[in-house]
Amino acid sequence: QGDPLKVKVNKLTSIKTQLPYSYYSLPFCPPKKIVDSAENLGEVLRGDRIENSPYVFKMREPQMCSVLCRITLDAKTAKQFQEKIDDEYRVNMILDNLPLVVPIRRLDQGSPTVYQLGYHVGLKGQYTGSKEEKFFIHNHLAFTVKYHRDPQTDSARIVGFEVKPYSIKHEYEGKWSENTRLTTCDPHTKHTVVNSNTPQEVEVNKEIIFTYDVEYQESDVKWASRWDAYLLMSDDQIHWFSIVNSLMIVLFLSGMVAMIMLRTLYRDISKYNELETQEEAQEETGWKLVHGDVFRPPSNSDLLCVYVGTGIQFLGMVLVTMIFAVFGFLSPSNRGGLMTAMLLLWVFMGIFAGYASSRLYKMFKGTEWKKISLKTACLFPGIVFAIFFLLNALIWGQKSSGAVPFGTMFALVVMWFGISVPLVFVGGYIGFKKPAIEDPVKTNKIPRQIPEQAWYMNPIFSILIGGILPFGAVFIELFFILTSIWLNQFYYIFGFLFLVFIILLITCAEITIVLCYFQLCSEDYLWWWRSYLTSGSSALYLFLYATFYFFTKLEITKLVSGMLYFGYMLIASYAFFVLTGTIGFYACFWFTRLIYSSVK
């Protein structure tokens with residue numbers, strides 16, 4: 001009891017503009033000296049700027065009507081407040097690593113309280129009978145700190161941090177000094193702020209007095225489960241529904257793959273029972289006819305090696321991140337943890353990228369492993385970095401705290417060229433030293449002519465069809481991920497996400513095998529790139545869905561914010577393309593080697 005509690009302020013956020021700003025970019029009451037808390041890499045990239053605040057709390061000692069400071073607005077500061085209120089900015093604070101929430105009660109009784117992260121800077125409204133829109137600022141904050149008392153020692157732990165913001169035009173008698181008593185909020189006369197009936201306008205030359213109350217409530221919530229209120233899932237059922245839905249797709253595809261396997265691999269036995277009709281024999285030999293061309297290296301084989309390597313790097317990163325997240329290492333209470341973990345893992349997975357790309361390169365009779373390693377190390381990160389750099393320039397132009405500072409940019413480049421690139425080369429060297437992968441059948445000298453294909457075997461058509469099922473498997477979970485990124489909510493259902501991810505891997509592999517088999521049966525042996533693009537095309541649907549989400553769920557009106565959204569979704573879709581494409585490619589690679597190894 002009586003211990004000082006440090007209240008920290010974080011960024012101002014808005015789901016309308018998606019541009020975070022630091023708290024003191026608005027003329028709120030500053031402490032004597034503004035101290036910046038050290039942020040980790042993930043926090044900096046998210047735009048978190050955590051600083052100290054002038055609020056003074058003492059544990060379990062309630063306060064009423066503490067005056068923070070008095071400011072008079074000039075034209076510039078009034079305009080700043082009005083702009084932020086118009087864009088629906090919220091103030092985020094932190095106490096003992098818990099974010100500040102505003103409890104919002106639903107109108108119908110019995111439904112649980114919803115928590116909104118951060119309180120709005122202010123609100124717009126009209127006085128009764130007038131049409132003119134005015135801006136009002138929340139200048140009185142009624143904080144509630146919930147604590148769990150330890151009965152043995154009588155000390156307590158903080159388990160909740162809530163606020164109810166009010167807008168009130170404070171009044172006082174006489175001249176303003178440090179000890180002036182407010183007539184609108186006076187602890188001595190038990191006169192407290194309970195509503196916003198006389199709100200404080202934001203106008204030039206108006207003075208605003210910032211005040212706050214702190215009350216302490218004992219709570220039954222244990223310290224270990226204090227995050228549960230923040231993470232209350234609205235509904236688990238939709239996740240189960242989506243998983244059952246995806247499992248149906250998987251079962252259907254697995255059945256098809258099993259059928260194909262049985263027909264192709266065990267047909268050799270029935271050769272002895274010469275009872276098959278002519279048609280069956282014809283249908284069966286389709287894929288066997290092209291055995292001399294199936295393993296002919298594709299055009300642009302270097303690029304394929306690079307993309308396969310990158311995909312392996314990505315797959316490794318996503319798998320390890322998910323496993324960490326499922327075991328609870330990356331909970332939302334560890335701010336920026338997810339981002340930091342992903343970046344570090346990406347960098348260290350470089351060794352697998354180099355290995356995978358140079359193994360494939362050697363199989364395609366390539367000789368310059370250094371060249372392929374360099375391309376693998378630079379192509380995907382280079383494109384992503386270029387988009388990221390452009391977006392960062394846009395954010396920086398808006399003077400937002402979401403802009404990544406030069407130092408962090410430099411750190412990212414050092415991680416890329418100092419750790420990732422050398423590791424890709426190490427992997428490339430190891431992969432190239434290994435003996436080349438042998439083809440199960442010999443390749444003919446002269447390429448065979450590909451017969452005219454039916455319209456549904458057209459490469460573009462079959463590639464676009466292939467992307468629908470993997471996208472269908474993930475799209476419900478995708479809705480929740482997009483909501484957590486763009487609507488400022490916590491995402492923590494990593495268990496579901498892990499299941500969905502496994503389903504995605506299986507779906508990608510199976511749809512590619514099925515389409516690849518149909519393609520080989522119609523005597524078209526150009527399967528290398530097509531297998532990569534078949535499952536990779538789900539990224540196109542991902543981007544289209546992101547566009548649909550933008551227009552239906554988000555209220556973004558600013559051009560810069562729209563460009564940010566589409567820029568980041570483009571990066572996400574590109575990454576998804578590389579990931580799913582690689583899975584499809586390896587599934588097909590395994591499948592063709594398997595069926596042709598049975599051809600004598």
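Buried means under 20% relative accessible area, exposed means over 50%, and partly exposed lies in between (1.4 Å probe, protein chains only). Lysine 399 is exposed, with a relative accessible area of 69%. Its place is the loop between α9 (369–397) and α10. Lysine 399 has a positive phi of about 55°, although it is not a glycine.

This is a predicted model, in which local features need pLDDT of at least 70, side-chain atom pairs count only at pLDDT 80 or more, and totals for chains, interfaces and linings use all residues. Residues are numbered from 1 along each chain as its sequence is written, and side-chain values use heavy atoms, with hydrogens and water left out.

## Overall layout

The C-alpha trace spans about 110 × 60 × 50 Å along its principal axes. The protein has 600 residues, and buried residues make up 51% of them. Its secondary structure comes to 15 helices and 13 strands. Helices (H or I, at least four residues) and strands (E, at least two) are DSSP runs, numbered from the N terminus.

The domain assignment gives domain 1 (3–231) and domain 2 (235–248 + 302–439 + 462–598). Such bounds come from an automatic or database domain assignment. The C-alpha centres of domain 1 and domain 2 lie 40 Å apart. Across the two domains, 31 residues of domain 1 are in contact with 31 residues of domain 2. Contact means heavy atoms within 4.5 Å. Among contacts between residues at least 6 apart in sequence, 80% join residues at least 24 apart.

## Nonpolar cores

A nonpolar core is a set of buried Ala, Val, Leu, Ile, Met, Phe, Trp, Tyr and Cys residues joined through side-chain atoms within 4.5 Å. The largest one has 103 residues. Leu520, Trp527, Trp528, Tyr565 and Tyr596 have the most contacts inside it. A second, separate core has 54 residues, including Leu12, Phe57, Phe143 and Phe210.

Tryptophan 527 is in contact with Val294, Phe295, Cys516, Gln519, Leu520, Cys588, Phe589 and Thr592, leaving aside its neighbours within four places in sequence.

Helix α6 covers residues 301–326, 26 residues in total. From its first C-alpha to its last it reaches 37 Å, close to the 38 Å expected at 1.5 Å a residue. The expected span is 1.5 Å times one less than the number of residues. Glycine 328 follows α6 and has a positive phi, near 85°.

Alanine 356 lies in helix α8 (residues 350–363). Alanine 356 is buried, with a relative accessible area of 7%. It touches Gly309, Ile312 and Tyr586, not counting residues up to four places away in sequence. The C-alpha atoms of alanine 356 and isoleucine 450 are separated by 30 Å, and the two residues are 94 apart along the chain.

## Aspartate 87

Aspartate 87 is found in the loop between α2 (75–86) and β4 (90–95). At 15% relative accessibility, aspartate 87 counts as buried. Its side chain makes a polar contact with the side chain of lysine 558 (3.4 Å). A polar contact is a pair of N or O atoms within 3.5 Å; within protein, one must be able to donate a hydrogen and the other to accept it, and residues adjacent in sequence count only if both atoms are side-chain atoms. Aspartate 87 touches Ser14, Lys16, Thr17 and Lys558, not counting residues up to four places away in sequence.

## Salt bridges

The structure holds 20 salt bridges. A salt bridge is a side-chain nitrogen of Lys or Arg within 4 Å of a carboxyl oxygen of Asp or Glu. The table lists examples.

| Glutamate 162 | Lysine 146 | 3.1 Å |

Glutamate 162 is in strand β12 (residues 156–166) and lysine 146 in strand β11 (residues 140–149), 16 residues apart. Glutamate 162 is buried, with a relative accessible area of 11%.

Aspartate 154 is partly exposed at 39%, and arginine 149 is partly exposed at 31%. Salt bridges that share partners join Arg60, Arg149, Asp154 and Glu218 into one network.

Arginine 448 counts as partly exposed, at 29% relative accessibility. Glutamate 523 is found in the loop between α12 and α13. Glutamate 523 has a positive phi of about 60°, although it is not a glycine.
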